[in-house]
Amino acid sequence: MPGGAGIDLRKTLFGLACLALVAGCTTIVPAEGPEARHGDEAAAPAARPGYAADGTLQPWVETSHGEIRRVSGAEGCVALTFDDGPHPTLTPRLLNLLAEENVHATFFLVGQRAQEWPDVVRAISAGGHEIGNHSWNHANLTQLENSAITRQLAMTDAAIFAIIGREPDIVRLPYDAGSPRVLSLIDRPVIFWDIDTLDWKAGSVGEIVDSAVRRAWSGSIVLMHDIHANTVSAVRGVIDGLRARGFEFVTVSELLSGRPCRVSTVVAAAGP
Ligand SMILES: [Zn+2]
């Protein structure tokens, strides 16, 4: 458990997240370095969730080659994430459910779909949820040229900005498909996950609930998709089950802040 000074530092870092600059996959480049691409931000100290001002990874973020999969300092917290939307009917249904449960989640939106369903994007934002960038048309970015990768993300940023007046602070790669080259082009935290519910494989409601509830631990990032009816049907069970284990729900950026939720109440999952 980190001390108070560490928490203050993380709050500061988190507050600076929107000013965040470059970082690659295996090499993290400080903002003042030659790789900085945002000239107007060059004078500001660089920090982003999970990274110190000098660009080094912080120890409370568990990573593999710069991939953020779980946040180890976020005791008692879990982040529910929903990919591939918005969906015109399922996402609103999910939003109603999350509002009833007073849970904030993170939605990684496909830009093309966001542009098609702007009212749903507004509802996600109005509900206090976080919105991330999940590419323009769910392309496998590893198969694209650099300029096309940048365009996929920029078009999605622009579409979301046009709807809610804010660009996403975080990115998720379609198909879990990343590479050092792709990651080096992205100037924001790239969020993976440690708990894949496999809901996209047409898992049953019970299977989705079980995989999320049984395998989650503090700092987990749970992957689901709000374009499948079974997923939406499973979310209440996921929330109930994780609450029964003592977890609280935060957005991904809240998770990356490293602030603990309730520390002492998390209980081990039953079974393997
Ligand atoms: Zn996806």
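1. Buried residues make up 46% of the 272 residues in the chain (buried: 20 or more other C-beta atoms within 10 Å of the residue's own; exposed: 12 or fewer; partly exposed: in between; C-beta atoms placed from the backbone). Keep in mind that this is a predicted model: local features need pLDDT of at least 70, side-chain atom pairs count only at pLDDT 80 or more, and totals for chains, interfaces and linings use all residues. Numbering starts from 1 along each chain as its sequence is written.

2. On confidence, the chain has a mean pLDDT of 79, with 72% of its residues at 70 or more (pLDDT is the predictor's confidence in each residue, from 0 to 100). The stretch to watch is residues 1-46, where pLDDT stays under 50 and the model has 79 contacts beyond four places in sequence (contact: C-beta atoms, placed from the backbone, within 7 Å).

3. For the overall layout, the chain has nine helices and eight strands (DSSP runs, H or I of at least four residues for helices and E of at least two for strands, numbered from the N terminus). Of the contacts with a separation of 6 or more, 74% are between residues 24 or more positions apart.

4. With E3 (residues 77-83) the pairing is parallel over three bridges, and threonine 81 has threonine 106 of E4 as its bridge partner. The chain gets from E3 to E4 through helix H2 (residues 90-101), in a right-handed β-α-β crossover (with the strands pointing away from the viewer, the path from the first strand over the helix to the second runs clockwise).

5. Helices H4 (residues 118-126) and H5 (residues 146-164) have axes that come within 9 Å and cross at roughly 70 degrees (axes are lines fitted to C-alpha atoms over the stretch in contact, with angles from 0 to 180 degrees between N-to-C directions). That makes H4 roughly perpendicular to H5 (65 to 115 degrees). Pro118, Val121, Arg122 and Ser125 of H4 meet Ile160, Ile163 and Ile164 of H5.

6. Finally, helix H7 (residues 205-215): Ile208, Val209, Ser211, Ala212 and Val213 are buried there. Their cover includes strand E6 (195-196), strand E7 (220-225) and helix H8 (229-244).

Terms used:
Contact = placed C-beta atoms within 7 Å. Pairing = 2+ DSSP bridges. Parallel < 35°, antiparallel > 145°, perpendicular 65-115°, else oblique.
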